[in-house]
Amino acid sequence: DPVLRLEGVTRRFGSGETALEILRGVDFCLRPGELVALVGPSGAGKSTLLHIAGLLEAPTSGKVLVDGKDCAGLGDAGRTRLRRDTIGFVYQFHHLLPEFSARENVMIPQMVAGLSRDEAGQRADQLLKMVGLERRSSHRPARLSGGEQQRVAIVRAIANVPQVLLADEPTGNLDPQTAAEVFGQLTRIVRATGLAALIATHNLDLAAAMDRTLELKDGVVLERRG
Ligand code: ADP
Ligand code: ADP
């Protein structure tokens, strides 16, 4: 069964004559273990779509179902809880907390979710090791390279064992070689955990390496094989 389903999702900004209808009826679903690319021109609405799928923003109309459950009826607190329990985000810019170490950045969301400092620290160590950062874990973000920062952001996003990973141009700020390495690690993590991942990218080589490609164009999503 799909872990995430969007049905007839629309999103309009503004009202009246000047209203912009960015999404005009988006339908798709993500199943466990799938690695799916989201492509489309700049301004097509990829970020908007990821925000709606991640319960950060409400659609103008249409439904978002997580684990078969319609999120509309949940209320703000319920949606925040569901987001924390099931969804991880990675952005183009890492958004790590600058005054904390890599390890602490991975611990914090776990402690917010109720884990003890010890448990969170152990899991942070495991996760940082998975991406080859065990020797860098005490460094603050500013002392890490761009690729290292993004690897920390990726493991932070999965620290609370989400079912869905949503990523908005996660390698968009990196040089091509680093981008390929970080993408390779992201892929390995998705494969190892059975997560469903939806990854917006401009990089068609990366898109071609995923299981499926969804193309956002003129406000709707089209399935492309590849
Ligand atoms: P993409 O990620 O594909 O580049 P976005 O989702 O960022 O596209 O943006 C799609 C369109 O929606 C853009 O034209 C953008 O200006 C517009 N848009 C996004 N957020 C808002 C907002 N809060 N208010 C008005 N327009 C917005
Ligand atoms: P709220 O609903 O209160 O605004 P958020 O959903 O934004 O809270 O954040 C919940 C938790 O997720 C926080 O502990 C925060 O540190 C963490 N967090 C925020 N952004 C990210 C991200 N991009 N990746 C992983 N964890 C994040």
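Q: How far is an oxygen atom of ligand 1 from a polar backbone atom of Ala44?
A: In this predicted model, the distance between that oxygen atom of ligand 1 and a polar backbone atom of Ala44 is 3.2 Å, where a polar contact is a pair of N or O atoms within 3.5 Å.

Q: OK, and which distances go with Gly43 and Lys46?
A: For Gly43, a polar backbone atom is 2.7 Å from an oxygen atom of ligand 1, while for Lys46 a backbone N or O atom lies 2.8 Å from an oxygen atom of ligand 1. Of the 560 Å² of accessible area (Shrake-Rupley method, 1.4 Å probe) that ligand 1 has on its own, the protein covers 55%.

Q: Which residues surround ligand 1?
A: Around ligand 1 stand Phe13, Ile22 and the residues Pro41, Ser42, Gly43, Ala44, Gly45, Lys46, Ser47 and Thr48, each having a heavy atom within 4 Å of the ligand. Helix 1, residues 46–53, gives the largest share of this shell, namely three residues; helices are DSSP runs of H or I with at least four residues, and strands are runs of E with at least two.

Q: Before I count along the chain, how does the numbering work, and what are the limits of the model?
A: Residues are numbered from 1 along each chain as its sequence is written, with chains lettered from A and ligands numbered from 1 in the order written. Local features of the predicted model need pLDDT of at least 70, side-chain atom pairs need 80 or more, and totals for chains, interfaces and linings use all residues, while side-chain values use heavy atoms, without hydrogens and water.

Q: Switching to ligand 2, what surrounds it?
A: The surroundings of ligand 2 are Thr80, Arg83, Arg84, Phe89, Tyr91, Pro109, Val112, Arg156 and Ala157.

Q: And which polar atoms lie by its oxygen and nitrogen atoms?
A: An oxygen atom of ligand 2 has a polar side-chain atom of Arg84 at 3.1 Å, a nitrogen atom of ligand 2 is 3.2 Å from a polar backbone atom of Phe89, and a polar side-chain atom of Arg156 lies 3.4 Å from a nitrogen atom of ligand 2. The protein covers 59% of the 560 Å² of accessible area that ligand 2 has on its own.

Q: Arg156 sits in helix 5, so is that helix mostly covered or uncovered?
A: Helix 5 is mostly covered, with eleven of its twelve residues buried, and Arg156 and Ala157 are among them. Buried means under 20% relative accessible area, exposed means over 50%, and partly exposed lies in between (1.4 Å probe, protein chains only).

Q: What covers those buried residues of helix 5?
A: The cover includes strand 6 (87–90), helix 3 (102–112), helix 4 (117–130), strand 7 (164–168) and helix 6 (176–193).

Q: Where is Ala159, then, and what does it touch?
A: Ala159 belongs to the loop between helix 5 and strand 7, and beyond residues up to four places away in sequence it touches Val106, Gln110, Arg123 and Leu127, with contact meaning heavy atoms within 4.5 Å. Although Ala159 and Leu127 are 32 residues apart in sequence, their C-alpha atoms are 7.6 Å apart in space.

Q: Why does Ala159 count as buried?
A: Ala159 counts as buried because its relative accessibility is 2%.

Q: And Gln110, what is it in contact with?
A: Gln110 has its place in helix 3, and apart from neighbours within four places in sequence it is in contact with Leu115, Glu119, Ala120, Arg123, Ala124, Ala159 and Asn160. Gln110 is at 0% relative accessibility, so it counts as buried.

Q: Last one: which residues does Ala124 touch?
A: Ala124, found in helix 4, touches Arg103, Val106, Met107 and Gln110, not counting residues up to four places away in sequence.

Note on methods
A polar contact is a pair of N or O atoms within 3.5 Å; within protein, one must be able to donate a hydrogen and the other to accept it, and residues adjacent in sequence count only if both atoms are side-chain atoms.
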